[in-house]
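Student: I have a structure open and want to go through it with you. Can we start with the overall picture and then look at single residues?

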Amino acid sequence: MTLPTQARTIVIGGGVIGCSIAYHLAREGRKDIVVLERSKLTSGTTWHAAGLVRRLRPSATLTKLINYSIDLYDELERETGQATGWTQTGSLTLATNENRLTNIKRQVSLGRAFGLEAEVVDAAHAQELWPLIRTNDVIGAVWSPADGRVNPSDVALALSKGAKARGVQIFEDTAVTGLRKKAGRIAGVEVGDHIIDADEVVIACGLWSREVAAMAGAHMPLYACEHFYILTKPLPEIQALGPGAHLPTLNDQDAYLYARDDVEGLLVGSFEPNAKGLPLNRLPADFSFDLMDEDWDHFMPMMENALHRIPALERAEVRMLLNGPESFTLDSQFMLGESPEVPGLFLMGGMNSTGIALAGGAGKAMAEWIIAGEPTMELNEADIRRFSPEMNVLKALEERIPEVLGRHYDNPFPGRSMDTARGQRRSPIHVGLVAANARFEARGGWERAVHFGGQAAHLPLTFGIPAWRDQVGLEVDACRNGAAILDQSAFGKIMVQGPDACSFLNHLCAAQMDIPTGRIAYSQILNPRGGIESDVTVQRHGPDSYLMIVGAGEVVRDLKRMRETKGDYRVEFTDVTSGYAVVGLAGTQAHRVLQATSNTPLPNLKRFHFAPVEIGLARGWAGRLSFTGEEGYELYIPAEMAMAAHEALVEAGATHAGLYASGSLRIESGFRAFGHELTPGTTPIEAGLDAFCAFSTGFVGEAALQNKSPNRRIVSMLFDDADAIPIHDEPIYFDGRVVGQITSAAWSYRFERSVALAMVDAPLGQLSEKTVVEGFEVEIACTRFPAKASRKPAKEAFA
């Protein structure tokens, strides 16, 4: 078969991910697809993957993708005749401490929102399911009968066979040596001297994806680690199971282990805390079906854990210690989507050792994104646009990625944060926050102050009452009754200028942007389906000049959409995030404290107005608004003057509050947040924000909202029981059926109970007619807690 000179879509990479994308593109009717593989199909990572597939995951998105994968793997053999090795063995996840048991129970509850049944069992039942394990330290387990395993190479081959049957051309031993662009957009690939023109190029080449993306100037921040598992020779206990019989897959996350039977023996692998990063220059150019050297010194602590859990290993003869490279991302979530830097270039990788389980669902999601031009499902946690170019720094990847592998089995406690590659992006007032005893979390590369009790008020982490509850209570009180500094400098700032700035923003944003100079508009940016792509405030600084304030971590996303929307508008937009600090000042004393910093009278600002101010030796402007829902201001100060302003505020009596305090107040006030209540699949009508839409102005997504009655709504919820501690995604029941999920939750210091925002699809009639509706239950770690709901903010509805 001769290489073509033109294709509609080129997929680079013939592993399970590339094959899945090609298969799903073809299944959706896309023609003229070419797959280019540098070696052979399944080479690189796919061939040595362990092939474990678990349905229960810590998020709704991952659960949906993996459930689709399992259904697909069960169907592929009938469709293609190629076996996938799918075997429904079930899985058993052990807990040796209360926090682990709570975590796996939380996953069971989340699974029930999608109709997945799993059973919490005791140690004795766990041993019945897996007779080889020692259970004297096991306090509980979760048995998931619908889980199983596949043969990763066979899955990839089945996908490739299905793709070929639909006309996809696959070329092996065909290494891409360059990417071509035209007017900034991807235009094709180079294979030596041969050029293939293409409308779209998809990079799905595993370990090498970052380097291939760089050929086009695109950023794909992933990095490789060595990943270990042992294979034993046959064991009598496994042989005794009989032909075709299997043990469930086993997860002992407290010991960093996973295991399954394999060819009458055992496969036992680990996500060890002291993981080993792998620079690609250590791999030979022809690395394909190859492995790294065994390293028993490194693996021995995990082997000791395995010997404790599975005593039969003491009698086993180890066939090999497999050391195969896999790629990981900075935040342990895979990445997919269209490159923000290069239109038409789609990226998928950094599967964080879940590539086989995710391949079917993620490949389908990527194919639908390519065809539709937009994500067709909720993919925020995996969206490539969450990574700015500043995060694609090799030193950060080298430091962070081994920690990501080593913490793969961490309990996802509230307050959990990575320890490596810290301090990359710091607020202009960071030094002042440190002096105030701030506790920081790394979010999107930024150091964000979450509270001001330091380490003593943060650890130990738990799913129960957190160590910071009392400290955050003091900060909440300051936001209400004092003058609390809230550092919001991580917010993105985008300057929009030009003769058509107003008309452009009226097309981009749902709210009316033809406002007087000195006014602030609150708005959403929508996609053509009417879903919310961003949540912004926009300040008008002049006839042709606006400043857009966007969520922390949303600058890349918003700039991409602005470029796509620009068309013939005479407008320019510039990221000025690093040029300004944004300092919230919340509380009834905010005006007094702010005035005390200045020798000039403060302007008498109405809500959603702004004006110039002097703050100590600094000069900036103040807006009358607050994300806490309390009285206050947002202060916008040039970065080089920010510390002078901070010092003046502190000297005038201001204290500090962190994200946990502002989050609690936000939820009480019913304020929606992007990534929680507001997503690309949620409309302003569903979110209760249609009052901010300027209908008949022709904004993007307006047509999709016309004459649409919502089938679901965002509501406020208050729990009856102070022991209920929701976090996110918990299923909500009404009249015995699942009607929604929690989107945000926090402790309410007003009510001394947990308060939440949630998306529900029933009972919408009662919620429209009544201020408060009783009878809801929220399931948290397999226990249901009663709650009430209202479409009004919690602080109004439940007062």
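This is a predicted model: local features need pLDDT of at least 70, side-chain atom pairs count only at pLDDT 80 or more; totals for chains, interfaces and linings use all residues.

Student: OK. How many helices and strands does the protein have?

Tutor: There are 20 helices and 38 strands. The radius of gyration is 27 Å, close to the 28 Å that the globule rule gives for 799 residues, so the protein is as compact as a globular protein of that length.

Student: And what does the C-alpha trace span along its principal axes?

Tutor: About 85 × 65 × 50 Å.

Student: What percentage of the residues is buried?

Tutor: Buried residues are 62% of the 799. The protein exposes about 29,400 Å², and 49% of that area is supplied by carbon and sulfur atoms.

Student: What about contacts between residues at least 6 apart in sequence?

Tutor: Of those, 72% join residues at least 24 apart.

Student: Charges next. How many positive and negative side chains are there?

Tutor: 76 positive and 98 negative, with the centres of the two sets 4 Å apart.

Student: Let's go inside. Which residues touch the most other members of the largest nonpolar core?

Tutor: Ile21, Phe334, Leu336 and Met348, in a core of 49 residues. Several elements each supply at least two residues of this core, including helix H1 (16–27), strand S2 (33–36), helix H5 (152–165) and strand S19 (345–349). Its largest share, 10 residues, comes from H9. As background, nonpolar side chains in soluble globular proteins tend to be buried together.

Student: Take Met348. What is it in contact with, leaving aside neighbours within four places in sequence?

Tutor: Among its contacts are Ile17, Ile21, Ile203, Met220, Phe334, Leu336 and Met366. Met348 also contacts Ala204, Ser209, Ala362 and Gly363.

Student: Switching to the backbone. Where are Leu459 and Pro460 joined, and by what kind of peptide bond?

Tutor: A cis peptide bond joins Leu459 and Pro460, with omega about 0°. Pro460 is in the loop between strand S21 (446–451) and helix H12 (469–481).

Student: And what joins Ala762 and Pro763?

Tutor: A cis peptide bond, with omega about -5°. Pro763 sits in the loop between strand S36 (753–760) and helix H19 (764–769). For context, most peptide bonds are trans, and most residues other than glycine have a negative phi.

Student: On that note, what is phi of Ser332?

Tutor: Near 70°, a positive value in a residue other than glycine. Ser332 is in the loop between strand S17 (318–329) and strand S18 (335–338). Its relative accessible area is 31%, so Ser332 is partly exposed.

Student: What about phi of Asn707?

Tutor: Also positive, near 55°. The loop holding Asn707 runs between helix H18 (702–705) and strand S33 (713–719).

Student: Is Asn707 buried or exposed?

Tutor: Exposed, because its relative accessible area is 81% and the cut-off for exposed is over 50%.

Student: Now Ala694. Where is it?

Tutor: In the loop between helix H17 (659–668) and H18. At a relative accessible area of 14%, Ala694 is buried. Leaving aside neighbours within four places in sequence, Ala694 is in contact with Ala510, Ala511, Gln512 and Phe699.

Student: How far is Ala694 from Asp154?

Tutor: Ala694 and Asp154 are 53 Å apart in space, C-alpha to C-alpha, and 540 residues apart in sequence.

Student: Is Glu368 buried or exposed?

Tutor: Buried: its relative accessibility is 17%, and buried means under 20%. Glu368 is in helix H9. Not counting residues up to four places away in sequence, Glu368 touches Glu28, Gly373, Glu374 and Thr376.

Student: Last one, Gly531. What does it touch, not counting residues up to four places away in sequence?

Tutor: Ile525, Leu526, Thr679, Pro680 and Thr682. The C-alpha atoms of Gly531 and Pro680 are separated by 4.3 Å, although the two are 149 residues apart along the chain. Gly531 lies in the loop between strand S24 (520–526) and strand S25 (532–542). With a relative accessible area of 1%, Gly531 is buried.

Note on methods: Residues are numbered from 1 along each chain as its sequence is written. Side-chain values use heavy atoms; hydrogens and water are left out. Helices (H or I, at least four residues) and strands (E, at least two) are DSSP runs, numbered from the N terminus. The radius of gyration is taken over C-alpha atoms; the globule rule is 2.2 Å times the number of residues to the power 0.38. Buried means under 20% relative accessible area, exposed over 50%, partly exposed in between (1.4 Å probe, protein chains only). Contact means heavy atoms within 4.5 Å. Accessible areas come from the Shrake-Rupley method with a 1.4 Å probe; for residues, only the protein chains shown count as cover. Lys and Arg count as positive and Asp and Glu as negative; His and the chain ends are not counted. The place of a charge is taken as NZ of Lys, CZ of Arg, CG of Asp or CD of Glu. A nonpolar core is a set of buried Ala, Val, Leu, Ile, Met, Phe, Trp, Tyr and Cys residues joined through side-chain atoms within 4.5 Å.
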